[in-house]
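The sequence and the structure are shown first.

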Amino acid sequence: MANFRLCLFTLPLINLTFILQPFHVMSDEAMIINVCSKTPNPSLCETCLHSDPKSATADVKGLATISITCGTRDADKLYTDTDNLYTNTKDPALHNLLDNCWWRFLGARDNIDSAGRMLSDKGSDAAKLAITRDAMPMITYCSDLFKKSPTVAVPKNITDEMNVVSTDCQIILGILSNF
């Protein structure tokens, strides 16, 4: 008899849990939309956050960490592609131009990655500094250098990747502003 009563009590609780679960997911999606709406590229922000299944249950700090992971990944691609081009190009003007940037892109990648450790160890202000003081100037330097050298044909994939990393940094800062 006691087991029957326990079943009568437990079944509605299990049903209630499954009924309310979609509402929990919707509120997390609403948080992603809200957080990304405060960034310069909400679509790229949402794409980044949705690329990690942990975003469905992450708080704002978790979303910032995911955005830092996306930025690090994109900066690593920029560094790798630039380093390969620097190593293999036969164009001396392009080689000289990339000589000023390949290591900056490596530094930007490392500094974006360190923003994750800063966030975890020292908080959002330290993470913002890692982006604004350490990572973004390296990307900006090369962007300006490329603009000052219009006769050098920098491949579109490099400039596109550089723009993505720059936007990633702005997205990270936008998410960090929610703290």
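Which cysteine forms a disulfide with Cys-36? The partner of Cys-36 is Cys-45, and their sulfur atoms lie 2.1 Å apart.

## Basis of the model

The model is predicted: local features require a pLDDT of at least 70 and side-chain atom pairs a pLDDT of 80 or more, while totals for chains, interfaces and linings use all residues. Residues are numbered from 1 along each chain as its sequence is written, and side-chain values use heavy atoms, with hydrogens and water left out.

## Overall fold

The protein chain contains seven helices and zero strands, and its elements run α-α-α-α-α-α-α from the N terminus on. Helices (H or I, at least four residues) and strands (E, at least two) are DSSP runs, numbered from the N terminus.

Of the 179 residues in the protein chain, 39% count as buried. Buried means under 20% relative accessible area, exposed means over 50%, and partly exposed is in between, with a 1.4 Å probe and protein chains only. The accessible surface of the protein chain amounts to about 10,100 Å², and carbon and sulfur atoms account for 61% of that surface; such areas come from the Shrake-Rupley method with a 1.4 Å probe, and for residues only the protein chains shown count as cover. Of the contacts between residues at least 6 apart in sequence, 68% join residues at least 24 apart, where contact means heavy atoms within 4.5 Å.

## Packing of H5 and H6

Helix H5 (residues 102-122) packs against helix H6 (residues 124-147) at an angle of about 170°, with the axes 7 Å apart. The axes are lines fitted to C-alpha atoms, for helices over the stretch in contact, and angles run from 0 to 180 degrees between N-to-C directions. H5 and H6 are therefore roughly antiparallel to each other; angles under 35 degrees count as roughly parallel, over 145 as roughly antiparallel, 65 to 115 as roughly perpendicular and the rest as oblique.

The H5 residues in this contact include Phe-105, Ile-112, Met-118 and Leu-119, and among those of H6 are Ile-131, Met-138, Ile-139 and Cys-142. The residues of the contact comprise 15 nonpolar, four polar and three charged. In this grouping, Ala, Val, Leu, Ile, Met, Phe, Trp, Tyr, Cys and Pro count as nonpolar, Asp, Glu, Lys and Arg as charged, and the others, Gly among them, as polar.

## Disulfide bonds

A disulfide is assigned where a pair of cysteine sulfur atoms lies within 2.5 Å, and the count by this rule is three. With bonded cysteines counted along the chain, the pattern is 1-2, 3-4, 5-6. The link of Cys-36 and Cys-45 has -70° about the S-S bond and is left-handed. Cys-36 counts as buried at 0% relative accessibility, and Cys-45 is buried with a relative accessible area of 1%.

Cys-48 is joined to Cys-70 with an S to S distance of 2.1 Å. This pair links distant parts of the chain, with Cys-48 in helix H2 (residues 42-50) and Cys-70 in helix H3 (residues 60-88), 22 residues apart. The link of Cys-48 and Cys-70 is right-handed, with 100° about the S-S bond. Cys-101 is joined to Cys-142 at an S to S distance of 2.2 Å. Cys-101 belongs to the loop between helix H4 (92-99) and H5, and Cys-142 belongs to helix H6, 41 residues apart. The torsion about the S-S bond of Cys-101 and Cys-142 is about -120°, so this disulfide is left-handed.
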